[in-house]
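The notes follow in the order in which I looked things up.

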Protein chains: 2
Amino acid sequence: MDEFMQAAIAEARQGRKEGGIPIGSVLRRGNEIVSRGHNKRVQELDPIAHGEMDALRNAGRQRTYRDTVLYTTLMPCYMCAGTIVQFKIPKVVVGEARTFGESKEFLESHGVEVVILDSQECVDMMQEFIEAEPMLWNEDIMEL
Amino acid sequence: MDEFMQAAIAEARQGRKEGGIPIGSVLRRGNEIVSRGHNKRVQELDPIAHGEMDALRNAGRQRTYRDTVLYTTLMPCYMCAGTIVQFKIPKVVVGEARTFGESKEFLESHGVEVVILDSQECVDMMQEFIEAEPMLWNEDIMEL
């Protein structure tokens, strides 16, 4: 696992430590991290602050995303997938897609390359959280 | 045009007054406005703060969106359309789809009802803005 996914996992763990949902994300350009983010639904009472959205917000105004890669510990939901398509981010590296995620076909149909690492560390992180906070997880995926 | 779209247009005009992009949105539940928002890319240096996203952020944590309607002055982009699908918002009322918007099919394929008012007022508002600030508009739709 490369340093970018490791940074995304560190963001996720930071989110869990804050009492939030452990999903983290990093925006990469070349060998640089442009920005980092993690889910802040709980911390900021913000339902749109998924990990990927938080990273993109933290990147501020960018001239283009065509030369970037988005890393995320969990398969993007449709909000984040729609954002990746809209922002014309060409590639997404995903920690795991076992816990959640139905957007792969949508992303690929819009020309986005999707790489799924199937990381056991990412799966374990989500399973621990979902067992501890099932209602919060269901709120975040709009399944209440 | 009902009071909800009028409120969305008022949000858009407020955004233009602030030096921003004139797109506004309102989240409705029954006959109440849950929240209002407008594009804040310029004001908050935030590329994810489209009008619809800002309204949803301002609504905070909601138990469900199944009983809501989202109003927006302009056809949603894929970020906002993906969010509508993810949040399970059943209906979107759109001021106009002449200036922008290719997400109608995506929304409808996920069971979202899309009502397009084709408001000349909304079209004129966008045309005035695009003529005055073409670079800013192209940045917002990721066409730089």
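Is K88(B) buried, exposed or partly exposed, and why? I am working from a predicted model, and there K88(B) counts as partly exposed because its relative accessibility is 29%, which falls between the 20% limit for buried and the 50% limit for exposed.

I then noted D118(A), another non-glycine residue with a positive phi, here about 50°. D118(A) sits in the chain A loop between β5 (113-116) and α6 (120-132), and I list D118(A) as partly exposed because its relative accessibility is 41%.

Next I turned to the interface, where chain A contributes 32 residues and chain B contributes 32 residues to the contact. I find about 3100 Å² buried between chain A and chain B, with 62% of that area given by carbon and sulfur atoms. On the chain A side, R61(A), Q86(A) and M142(A) lose the most area to chain B, together 24% of what that side buries.

For polar features, I recorded 8 residue pairs in polar contact across the interface and 4 salt bridges. I also looked up the salt bridge between K88(A) and E143(B), whose closest N and O atoms are 3.4 Å apart. Of the elements on the side of chain A that touches chain B, α4(A) supplies the largest share, 6 residues, and I count that side as 18 nonpolar, 5 polar and 9 charged residues.

Notes:
Residues numbered from 1 in each chain as written. Chains lettered and ligands numbered in written order. Predicted model: local features only at pLDDT ≥ 70, side-chain atom pairs only at ≥ 80, totals over all residues. Heavy atoms only, no water. Helix = DSSP H or I, 4+ residues; strand = E, 2+ residues; numbered from the N terminus. Buried < 20%, exposed > 50% of the residue type's maximum accessible area, 1.4 Å probe, protein only. Contact = heavy atoms within 4.5 Å. Buried area = accessible area lost by both parts, 1.4 Å probe. Salt bridge = Lys/Arg side-chain N within 4 Å of Asp/Glu carboxyl O. Polar contact = N/O pair within 3.5 Å; in protein donor to acceptor, adjacent residues only side chain to side chain. Nonpolar A, V, L, I, M, F, W, Y, C, P; charged D, E, K, R; others polar.
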